[in-house]
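Dear colleague,

I am handing over the structure below, and would be grateful if you could look through it alongside the notes that follow.

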There are 2 protein chains.
Amino acid sequence: MAATEFEIIRRYFTRQQPAREDVIAGVGDDAALLRIPPGMELAACIDTLVAGVHFPAGTTAAAIGHKALAVNLSDLAAMGAEPAWATLSLTLPDNEPAWLGEFARGFFALADRHRVELVGGDITRGPLVITVQAHGFVPAGTALRRRGARPGDRIYVTGTLGDAGLALQLQAAADRALRARLDFPEPRVEAGLRLRGLASAAIDISDGLLADLGHLLEGDGLGAVIEADALPRSAAFLAGAGTAGTGEHSRYYELPLSAGDDYELCFTVPAQHCAAVEQRLAALSCGCRAIGMVEAGPGIRCRRANGEPYLPAASGYQHFAAHGHG
Amino acid sequence: MAATEFEIIRRYFTRQQPAREDVIAGVGDDAALLRIPPGMELAACIDTLVAGVHFPAGTTAAAIGHKALAVNLSDLAAMGAEPAWATLSLTLPDNEPAWLGEFARGFFALADRHRVELVGGDITRGPLVITVQAHGFVPAGTALRRRGARPGDRIYVTGTLGDAGLALQLQAAADRALRARLDFPEPRVEAGLRLRGLASAAIDISDGLLADLGHLLEGDGLGAVIEADALPRSAAFLAGAGTAGTGEHSRYYELPLSAGDDYELCFTVPAQHCAAVEQRLAALSCGCRAIGMVEAGPGIRCRRANGEPYLPAASGYQHFAAHGHG
């Protein structure tokens with residue numbers, strides 16, 4: 001006999017581990033009851049994963065559980081917020097115990113590393129769609145915002161770019177490290193916390209560097225120059241995409257500029273804070289790299305190390321776009 | 001050309017009206033930034049509507065927009081929380097402008113009546129699935145909970161029961177008033193606020209009276225007796241379901257006991273507060289009615305006005321149940 005919604009919640013999503021003390025009521029009432037520490041603002045974001053859109057067929061349940069939370073923690077990281085609570089809405093075609101167990105394992109492994117408590121949710125029968133809302137705290141007035149960059153600010157990214165996009169292109173041929181970047185993206189939470197008070201603006205890279213940097217700049221009517229050869233590329237990326245960076249519209253340039261799903265942070269830093277930022281982030285495994293400069297006029301232009309312009313083929317993933325990747 | 005996600009958000013989900021002053025950043029950043037008033041706890045809930053599961057095919061976009069928010073405000077009402085903010089995740093097969101416009105109209109008409117600001121969201125291409133998370137405030141320590149009922153407490157419900165269930169059964173033959181109850185359920189927010197400090201426990205009726213009252217009682221190991229003839233039934237319900245209440249398993253009994261989607265509140269009140277509750281809720285259009293009593297042993301039994309037991313056929317909607325309604 002199939003398990004009811006309540007049995008699923010009890011079996012897979014109710015845990016006995018010590019709960020956060022700011023959770024007055026978690027899973028099991030009509031709503032969660034939560035306490036915000038004094039002096040803190042609440043950061044809240046919601047993001048949905050749809051099978052075939054946000055992850056390829058054949059993605060493991062553990063990876064889906066991880067990623068559904070990771071994309072939201074990435075949004076909190078981009079605000080400089082400290083994660084606290086999550087809610088989960090799970091719509092799924094059946095209640096296969098092995099799938100649910102693996103999904104929960106992937107979700108909670110990441111949640112535990114960031115002290116995130118699952119405080120509520122909803123499970124429904126339907127097409128596979130996973131929505132997570134994450135909540136975090138940020139001391140009043142210190143959140144990193146998309147707006148705030150100024151001409152002359154240096155542009156940085158954490159980690160490496162293009163790995164997830166290459167894994168998506170190579171599919172079964174992708175090596176393990178690339179595939180892990182697509183399936184188990186690591187939200188740059190600690191980097192976001194260390195950027196408070198130093199970065200002038202920040203965003204996470206979900207749709208591709210050019211698209212997301214564009215969102216960061218457009219609110220202030222600004223533009224940028226990007227050093228296309230300075231983009232951080234992993235060893236696995238170079239092994240799979242080739243190092244021949246001269247070819248127009250090669251993977252070497254296109255994926256780091258335009259592929260989504262990397263979930264690195266892109267942020268701007270005034271000149272006087274660059275040394276402090278580089279020092280603070282050097283201690284993290286992801287590190288950071290300067291990749292360009294904010295400019296006064298609108299538009300993002302890319303150039304090669306030899307000074308010649310590089311004209312990208314695509315500008316990032318757009319849902320519902322007539323000619324988008326989807 | 002099809003609109004992008006950002007154009008959809010700008011066109012349909014960004015508004016110019018005066019925003020709540022506790023919203024520091026709403027739609028348009030990586031996360032919303034929100035301020036909780038001092039002395040308040042945050043109530044947060046998430047609920048998903050799936051086409052064909054939570055609303056029949058042919059439901060208007062305005063009704064879907066309304067209902068997606070209403071089911072969440074109903075959860076806040078059951079906690080005695082005052083609504084404040086919502087986030088929306090919308091997965092939809094295409095971006096038909098007329099559908100989106102009507103959906104937004106239904107959503108915001110209800111949001112405005114409860115001073116709810118939409119502070120964030122996500123729009124994705126995929127099967128039609130709508131997830132809303134609602135947030136509200138409740139003075140610390142005053143939330144209505146599912147647990148807290150005591151033997152001898154009187155059991156009440158707001159409004160009338162069975163209307164939405166009858167509309168679902170009658171489909172096109174349902175009269176306008178019944179259909180409105182299914183499509184545009186009215187969350188009992190004001191009733192929830194007035195129950196603070198008086199009700200010993202509360203829940204909203206989404207899966208059916210017997211199922212939801214069962215959730216309220218089971219945590220404390222309690223039971224109840226329900227007066228099956230005392231259940232509040234609307235004139236439209238009686239006209240459609242028949243008043244002949246003697247038939248075993250008739251709609252007259254079964255729908256108010258077991259049909260979901262009414263989104264009324266069910267709550268328990270200690271004897272000394274019953275007069276105050278009845279007085280406070282009499283001023284609201286929904287009113288309230290006493291329908292039974294909490295008992296010490298587990299199990300819910302129903303009886304007729306003549307004192308004979310009534311044995312219900314079904315006990316409420318269960319997702320994934322082997323013999324559920326779905």
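In these notes, two residues are in contact when heavy atoms of theirs lie within 4.5 Å. By that rule, 100% of the interface residues of chain B are also interface residues in chain A, so the copies meet through the same surface.

Please bear in mind that this is a predicted model, in which local features need pLDDT of at least 70 and side-chain atom pairs count only at pLDDT 80 or more, while totals for chains, interfaces and linings use all residues. Residues are numbered from 1 along each chain as its sequence is written, chains are lettered from A in the order in which they are written, and side-chain values use heavy atoms, with hydrogens and water left out.

On the relation between the chains, a rotation of 180° with 0.0 Å of shift along its axis places chain B on chain A with an RMSD of 0.0 Å, the superposition being by least squares on the C-alpha atoms of residues with pLDDT of at least 70 in both. The two copies are thus related as by a two-fold rotation axis.

At the interface, 66 residues of chain B are in contact with 66 residues of chain A. The buried area, meaning the accessible area (1.4 Å probe) that the two parts lose on being put together, summed over both, is about 5300 Å², and carbon and sulfur atoms give 60% of it. Six salt bridges are found across this interface, each requiring a side-chain nitrogen of Lys or Arg within 4 Å of a carboxyl oxygen of Asp or Glu. Arg146(A) forms a salt bridge with Asp29(B), where the closest N and O atoms are 3.9 Å apart.

As for the interior, a nonpolar core is taken as a set of buried Ala, Val, Leu, Ile, Met, Phe, Trp, Tyr and Cys residues joined through side-chain atoms within 4.5 Å, and buried means under 20% relative accessible area (1.4 Å probe, protein chains only). The largest such core has 61 residues, and those touching the most other members include Phe13(A), Leu90(A) and Trp99(A). A second, separate core of 60 residues includes Leu118(B), Val138(B), Leu144(B) and Leu195(B).

Finally, a search of the whole structure finds zero disulfides over all chains, a disulfide being a pair of cysteine sulfur atoms within 2.5 Å. The sulfur of Cys45(B) has its closest cysteine sulfur 17 Å away, in Cys45(A), too far for a bond, and Cys45(B) counts as buried at 4% relative accessibility. For Cys302(B), the closest cysteine sulfur is that of Cys266(B), at 12 Å, again too far for a bond.

With best wishes

Conventions: Buried means under 20% relative accessible area, exposed over 50%, partly exposed in between (1.4 Å probe, protein chains only).
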